[in-house]
Amino acid sequence: MTEIRLWNTASKRKEPLIPMRPGAVSMYVCGPTVYDRAHLGNARPVVVFDTLNRLLRHVYGADAVTYVRNFTDVDDKIIARAEETGRDIAQITGETTQWYLDDMAAIGALEPDAMPRATDYIPAMVAMIETLIAGGHAYAAEGHVLFSVESYTAYGRLSGRSVEDMIAGARVEVAPYKRNPMDFVLWKPSTPDQPGWDSPWGRGRPGWHIECSAMSRELLGDSFDIHGGGNDLMFPHHENEIAQSCCANPGSDFARIWMHNEMLLVEGKKMSKSLGNFFTVRELLDQGVPGEVIRFVFLSTHYRKPMDWTEERANTARRTLQKWREQTRDVTPGDVPDHMLQLLADDLNVSGYIAEMHQLAHAHDQSTLLAAGQLVGLLGENLSGWEIVSPADGATLSILDDLQRRLAEARDAAMQSKDFSQVDHLKTALLAAGVEVRMSKQGVDLVPGAGFEPAQLERLK
Ligand SMILES: Nc1ncnc2c1ncn2[C@@H]1O[C@H](COP(=O)(O)OP(=O)(O)OP(=O)(O)O)[C@@H](O)[C@H]1O
Ligand SMILES: [Zn+2]
């Protein structure tokens, strides 16, 4: 069986994935707070963990993998949105949840095995908070319940900070009912017009962090294999999840491997709702960018590196996919070769994997190319958005293939003879027909651009 190695943020090294329950892999990923359309940054963790989910299913079998991603449908941001718009909270969260599912399906993400909504798990959260109070890890004060960070000596270990550093560096809310400024809210009181549930501490609602601790435990148990999310969640959210879960379930590991994707940036800054520097996945789809192109752009950068979205990258992705789609039309998928699987299994080296896909395309190994694409959620049948693209027809593609071969041969010959006139002649003619010519050590690539005129190729036949 392929050994999967993943970078564990907690240990700061790559570790083999050894499922706690042999043959059964469990993964929890923090999902969205549902009050607005997902922006492009929000789609990055979805693509990253969807790709991992697909790899896990390939290696262990689909039935052996349990992937959970939650919806946070109770949160102060949602309450604020309802107040601003005068709309009903259930309407806002219901609509936004459906948008999210539609948009993520459009970028080729499989639905997780479970998608718990926080409001369906309030009793589990209350029970966990009671356990924490009984164990001396939390205290009730003025209708709130707070987690006492001093009660957990490993607090800060994931993000590598001490409690003193955190107090100095963080903008923590200082409140009279807190014993330590770093103590964080497990439960807070609700006014009569805010969503609330009866509890031993009065009518109120959970804090954000306890939601994930309770839902992951209900669905995956005290300990599970992989916990994922964006690296903006490492502190305080994940640090707080660990504190809650490890104190409520003594002796458990909570999550064995912590994985964090880097951010999608806009001019050097994280794309985020609060900064207002965002555009949504839906806007891109509506502009005619196929969901598969969005996915491909994400896959082209390793998940632990920050990245930008540029139109140029989108156009390159579109041309590559268009070509591969034509090449693999009516082809039956073969098998993904082991050396390619090894690349994915090495902490999701998808860019290396895509380089191999280019090689397969050059070698006209269409059935392997198709299988390789489908393993990472590309070249499938259900990916929308291509209808507005006019693909080159089969005859034109075979001329292009022929020209690609001739150009590669001409180049090899010219390396010996030092006479590049034939290479230059072909290149000039291709460029005139609107075909971009890319030559690298790996080979020759012909990419028809927006101004492609197939008729111009006829005279090169
Ligand atoms: N720019 C980004 N790049 C990659 N992942 C992101 C980016 N922004 C948010 N995420 C991830 O998206 C998920 C949902 O995040 P969240 O709903 O907090 O969005 P947000 O834009 O960060 O909102 P806010 O700015 O209001 O905090 C989380 O897993 C988070 O890590
Ligand atoms: Zn979470």
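Visitor: Hi! How do α2 and α3 cross?

Guide: The axes of helix α2 (residues 76-85) and helix α3 (residues 89-106) come within 9 Å and cross at roughly 115°. Axes here are lines fitted to C-alpha atoms, for helices over the stretch in contact, with angles from 0 to 180 degrees between N-to-C directions. Helices (H or I, at least four residues) and strands (E, at least two) are DSSP runs numbered from the N terminus. This is a predicted model, where local features need pLDDT of at least 70 and side-chain atom pairs count only at pLDDT 80 or more, while totals for chains, interfaces and linings use all residues. Residues are numbered from 1 along each chain as its sequence is written, and chains are lettered from A and ligands numbered from 1 in the order in which they are written.

Visitor: Which residues make the contact?

Guide: Ile78, Arg81 and Ala82 of α2 meet Ile89, Ile92 and Thr93 of α3. Contact means that the C-beta atoms, placed from the backbone, lie within 7 Å. By class there are four nonpolar, one polar and one charged residues. Ala, Val, Leu, Ile, Met, Phe, Trp, Tyr, Cys and Pro count as nonpolar, Asp, Glu, Lys and Arg as charged, and the others, Gly among them, as polar.

Visitor: Switching to the ligand, how many residues surround ligand 1?

Guide: There are 20, and the closest are Gly41, Gly230, Leu264, Ser272 and Ser274. Being near takes a C-beta atom, placed from the backbone, within 6 Å. The shell splits into seven nonpolar, nine polar and four charged residues.

Visitor: Which element gives the largest share of that shell?

Guide: That's α1, with four residues. Both α1 and β9 (224-230) supply at least two.

Visitor: Where does α1 meet α9?

Guide: At Ala43, Arg44, Val47 and Thr51 of α1 and Ile294, Arg295, Phe298 and Leu299 of α9. By class, this contact has five nonpolar, one polar and two charged residues.

Visitor: Last topic: what are the domains?

Guide: Domain 1 is 5-261, domain 2 is 293-383 and domain 3 is 394-460, with bounds from an automatic or database domain assignment. Six residues of domain 2 contact five of domain 3. On the domain 2 side of that contact, α10 (311-327) and α12 (350-362) each supply at least two residues, and the classes there are no nonpolar, three polar and three charged.

Key: Two residues are in contact if their C-beta atoms, placed from the backbone, lie within 7 Å.
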